[in-house]
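Take a first look at the model below. Keep it in view while reading the report.

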There are 2 protein chains.
Amino acid sequence: MSRPHSGTALSAVDDPAPGCSTLKDCLHCSVRHLAVCSALSPDEVQALERVTISQPLPLGATLARAGEPRQHVYTLTSGALRLVRTLADGRRQISSFVLPGDYLGLTGSDHHRYDIEAIADSRVCRVALSQMKDLRARYPHLERKLLQRACQELDAAADAALALGRLQPAEKLADFLLRLAAREAPLGGNALRVTLPMGRGDIADHLGLTMETVSRTFTKLRQSGLIALPHLNTVEILDQDGLRELSADEGWA
Amino acid sequence: MSRPHSGTALSAVDDPAPGCSTLKDCLHCSVRHLAVCSALSPDEVQALERVTISQPLPLGATLARAGEPRQHVYTLTSGALRLVRTLADGRRQISSFVLPGDYLGLTGSDHHRYDIEAIADSRVCRVALSQMKDLRARYPHLERKLLQRACQELDAAADAALALGRLQPAEKLADFLLRLAAREAPLGGNALRVTLPMGRGDIADHLGLTMETVSRTFTKLRQSGLIALPHLNTVEILDQDGLRELSADEGWA
DNA sequence: CGATCTATTGAAGGGGATCAAAGCGAGTGG
DNA sequence: CCACTCGCTTTGATCCCCTTCAATAGATCG
């Protein structure tokens, strides 16, 4: 995704942003911002840091609800979130899971379009919309990075649509696991050992299945020798090529 | 969506862009560009026109295939396209239908991610990637408009995911018809009379159903008095509120 | 160790897919 | 002008997979 940034720019920070409990928080915060908007200039980094507030978000907490007016954009620095849309009768669709480094705020609406909920103890970086607007006007480079990120998310959304519309349960799950592995790998994780921050029900609501079908499909993949399940929330990918073949791949990413 | 632009800027054009058969083509072309990137300055409009080439695309023609390197971005000026992803075994997913005014080129990949096919006699405006890059660098305003458009498409993609994953056939079709009506309305169409440029099979591959189910569902909606089908490709919306209720709405857009 | 939540496994039912055939409509040629 | 043909759509009958409902197993925590 984004190549690591030389840490030197961070030394320019001289005072913690308001709301940051410690300077260390701010630094951590900034590093994650860099993961999103790679190759920013020191100038841009400083400007971002000045308006950024780090905010903890315990497991189960709700950062925003669908329909509320948007006030901030966020970057996840640790933990995991889910973006949930719920129908009147309770049916849920999880648009996506948010992992550290992900940016939250690419929408055309001035209201939240889904609930944002923490599925693990998390920490987000918060920037007020108005300040973000100023920054974007001042640093065209930042805008370009956001556009780039938006385009990548559009590609991912098209992939998800293909999976939702045309893949069978086993194919959906294989596809899901491979994507998750690919996303966790650059965060320092092992590509062959995937940690699932979400429960079976959440996976089901993401893939358009029921929890039971997800569970059964996990069992089937395990019995086929494609994966192992050392713990409930840990998947070991035993046969990456097999999974890829099963997922119908969608190759040329 | 985008408010109409005063036509005066167009008078600044003094020579047709290379490849345009007539000046009228260029003007038409530009008008559509304006529909996409509303409120551009006369300067920006001229710059866009200079690098734009109008290109006809007969029904059934393929503009690009998945995997090919991307060379241009496009704007559809007339007709209709479909964006198709096909699996090895023939299963298809139509990511979206492209209607006049739509922009084609918001992707993070330098290769096409789907086949682009004309489902009606069409005409596109073409701009070389390199020239588009120059334009974007020179006019930050253009970049901002593209980002805005990308965010809107992300919202639409999330809606589509909810529909694909959690709605039943009748709900999917109701949702689809309402969205199509909303898209055709600003193009001068009647919101209560929707023209379907695509066949039943295409609708099926867009909604994750089979052609048979789509057909049966059309019949059901007609028998329920929600719609009428004067011709195969014309839908009359008789009970907009009923359709909206059926589609589970997803309200707050 | 028991309580509670989540995941897994089992049995039964339904809804959409699949296979197959009949309509319908536009275009063609006699 | 009509008959014919070809493609697409509609309708029908059957089947299978996923859902639903229900019960068991497992994990986490007090």
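The report covers the relation of the chains, then some helix contacts and ring contacts.

## How the chains are related

This is a predicted model. Two copies of a chain are related by a rotation about an axis and a shift along it. Here, a rotation of 180° superposes chain A on chain B, with 0.0 Å of shift along the axis. The RMSD is 0.0 Å. That is the relation of a two-fold axis.

Which residue of chain A comes closest to the rotation axis? Leu147(A) does, with its C-alpha at 2.5 Å. The copies meet through the same surface, because 100% of the interface residues of chain A are also interface residues in chain B.

## Helices 3 and 4 of chain A

Two packed helices are described by the angle between their axes and the distance between the axes. Helix 3 of chain A spans residues 129–138, and helix 4 of chain A spans residues 140–166. They pack at an angle of about 105°, with their axes 5 Å apart. Helix 3 of chain A and helix 4 of chain A are therefore roughly perpendicular to each other.

Helix 3 of chain A brings Met132(A), Leu135(A), Arg136(A) and Arg138(A) to the contact. Helix 4 of chain A brings Pro140(A), Leu142(A), Glu143(A) and Leu146(A). By class, this contact has five nonpolar, no polar and three charged residues.

Helix 5 of chain B (residues 169–184) packs on helix 6 of chain B at about 110°, with the axes 11 Å apart. That angle makes helix 5 of chain B roughly perpendicular to helix 6 of chain B. Lys172(B), Leu173(B) and Phe176(B) of helix 5 meet Ile203(B), His206(B) and Leu207(B) of helix 6. The residues divide into four nonpolar, one polar and one charged.

Helix 6 of chain B (residues 200–207) also meets helix 7 of chain B (residues 211–223). Their axes come within 8 Å and cross at roughly 105°. This pair, too, is roughly perpendicular. From helix 6 come Arg200(B), Gly201(B), Ile203(B) and Ala204(B); from helix 7 come Met211(B), Val214(B) and Phe218(B). The contact has five nonpolar residues, one polar and one charged.

## Charges and rings

What does the charged end of Arg200(B) sit over? It sits over the ring of Phe218(B), 4.3 Å from the ring centre. In chain A, the charged end of Arg200(A) sits over the ring of Phe218(A), 4.3 Å from its centre.

Conventions
Residues are numbered from 1 along each chain as its sequence is written. Chains are lettered from A and ligands numbered from 1 in the order in which they are written. This is a predicted model: local features need pLDDT of at least 70, side-chain atom pairs count only at pLDDT 80 or more; totals for chains, interfaces and linings use all residues. Side-chain values use heavy atoms; hydrogens and water are left out. Axes are lines fitted to C-alpha atoms, for helices over the stretch in contact, and angles run from 0 to 180 degrees between N-to-C directions. Helices (H or I, at least four residues) and strands (E, at least two) are DSSP runs, numbered from the N terminus. Angles under 35 degrees count as roughly parallel, over 145 as roughly antiparallel, 65 to 115 as roughly perpendicular and the rest as oblique. Contact means heavy atoms within 4.5 Å. Ala, Val, Leu, Ile, Met, Phe, Trp, Tyr, Cys and Pro count as nonpolar, Asp, Glu, Lys and Arg as charged, and the others, Gly among them, as polar. A charge sits over a ring if NZ of Lys or CZ of Arg is within 6 Å of the ring centre and within 35 degrees of the ring normal. Copies are superposed by least squares on the C-alpha atoms of residues with pLDDT of at least 70 in both.
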